[in-house]
Amino acid sequence: MRVTMATDPHAGRANEDFTGAVPAAAVLVDGAGIPGAGSLCRHGVAWYAARLGGGLLTLLWHAPGRGLADLLGEAIEQVTGEHRDTCDVTSPISPSAAVAVLRLTGGRAEHLVLGDATVVLDRAGSAPLVVTDPREVVISSRYEAALRDVPEGSDEHRRILGDLRAHRNRPGGFWVAKDDPRAAAEAVTGSCPVAGLTGAALFSNGASRIVDRFALAGWPEVMAALAADGPGAIIGRVRQAEARHAVAADDATIAYCTALDAP
């Protein structure tokens, strides 16, 4: 498998996205947290995303026969153990992350999505298979108006975000990687034959905006543009749309996987 990656952080802040690959798997982690919550976790969101992603890649390499959700649960447990004694890992506003995984095994492409990341599998002669976990987006939409009406970073903004994140990792809410490894069992998982796939891509929610927020293209057009121009060009189009619509930028990351059936 060949993997081409591109990432562009939100200006003035550490990149809270992580992506990486081993020969038969790719991982993307989209970290989340409230700015100024350093009193809860001295490490921060970027640290959490990198630790989780790196740990998950190691497990994917060393335990190819285990299920993706099982491996993600172990990775969550590992990173939580690294800062449980120094940070308030159970706070609703402590670092968390969305996760996307692609793994090739036994002639099949396995995928996992937890949170608002996206996996797209490009199929010859058919529309792409788009794998999402819509639960966070559905619940977050209830808070959008309130968040728009208060200054970002204000006490009220943090309070509203805290209320939103109180829905995390609860039945009837939404699920992300955080401190509880049991959340991994709630991930959206599946697989399909590698035969007939022309490529696959993992998107953070800052990159998937090209489709789901700005509607600049459909997924077939995005996958064709990835094949022609690479992931950096897609992120560039997102940045242009953010500037045009005066939308705050977010970290944007894409891992584009090809040669899926290579020996």
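Student: How many disulfides does the structure hold?

Tutor: The count is zero. Take C257: the nearest cysteine sulfur, that of C192, is 13 Å away. A disulfide is a pair of cysteine sulfur atoms within 2.5 Å, so C257 is in no disulfide.

Student: What kind of model is this?

Tutor: This is a predicted model: local features need pLDDT of at least 70, side-chain atom pairs count only at pLDDT 80 or more, and totals for chains, interfaces and linings use all residues. Numbering starts from 1 along each chain as its sequence is written, and side-chain values use heavy atoms, leaving out hydrogens and water.

Student: Why is C257 called buried?

Tutor: Its relative accessible area is 0%. Buried means under 20%, exposed over 50%, and partly exposed in between (1.4 Å probe, protein chains only). So C257 is buried. C87, at 9%, is buried too.

Student: What makes A11 exposed?

Tutor: Its relative accessible area is 68%, so A11 passes the cut-off for exposed. A11 sits in the loop between β1 (2-8) and β2. Strands are DSSP runs of E, at least two residues; helices are runs of H or I, at least four; both are numbered from the N terminus.

Student: How far apart are A11 and A249?

Tutor: In sequence, 238 residues. In space, 7.8 Å from C-alpha to C-alpha.

Student: What makes the phi of N169 worth a look?

Tutor: The value is positive, about 55°, and N169 is not a glycine. Most residues other than glycine have a negative phi. N169 lies in the loop between α5 (155-165) and β8. At 18% relative accessibility, N169 counts as buried.

Student: Which loop holds A246, and what is its phi?

Tutor: A246 is in the loop between α8 and β10 (252-258). Its phi is near 55°, again positive in a residue other than glycine. Buried or exposed? A246 has 73% relative accessibility, so it counts as exposed.

Student: How do you know that β2 and β3 pair?

Tutor: Two strands pair if DSSP finds at least two bridges between them. Six bridges join β2 to β3 (residues 25-32), and the two run antiparallel. D17 has D30 in β3 as its bridge partner. V22 stands opposite A25 in β3. The two strands form a hairpin with two residues between them.

Student: Why is β2 called largely enclosed?

Tutor: Five of its six residues are buried, so the rest of the structure largely encloses β2.

Student: Which sheet contains β2, and what makes β2 an edge strand?

Tutor: The sheet is open, with five strands in the order β2-β3-β4-β5-β8 and antiparallel pairing. β2 (17-22) and β8 (188-193) each pair on one side only, and these are the edge strands. From one strand to the next, the twist averages 10°.

Student: How do you know that helix α1 packs on that sheet?

Tutor: Contact means heavy atoms within 4.5 Å. Helix α1 (residues 45-62) touches β2, β3 and β4 (96-105), and its direction makes about 160° with that of β3. Axes are lines fitted to C-alpha atoms, for helices over the stretch in contact, and angles run from 0 to 180 degrees between N-to-C directions. Helix α2 (residues 68-83) lies across β4 and β5 (108-114), at about 45° to β5.

Student: What is the strand order in the open sheet that contains β1?

Tutor: The order is β1-β10-β9-β6-β7, five strands with antiparallel pairing. Its edge strands are β1 and β7 (129-132), each pairing on one side only. The twist here averages 15° from one strand to the next.

Student: How many bridges join β6 to β7?

Tutor: Four bridges join β6 (residues 118-123) to β7, running antiparallel. Helix α7 lies across β6, β7, β9 (197-203) and β10, at about 100° to β9. Helix α8 lies across β1 and β10, at about 25° to β1.

Student: Why is α7 called oblique to α8?

Tutor: The axes of α7 (residues 219-229) and α8 (residues 231-245) come within 7 Å and cross at roughly 125°. Under 35 degrees counts as roughly parallel, over 145 as roughly antiparallel, 65 to 115 as roughly perpendicular, and the rest as oblique. So α7 is oblique to α8.

Student: Which residues meet there?

Tutor: V222, A225, L226 and D229 in α7 meet P231, A233 and I234 in α8. They divide into six nonpolar, no polar and one charged. Ala, Val, Leu, Ile, Met, Phe, Trp, Tyr, Cys and Pro count as nonpolar; Asp, Glu, Lys and Arg as charged; the others, Gly among them, as polar.
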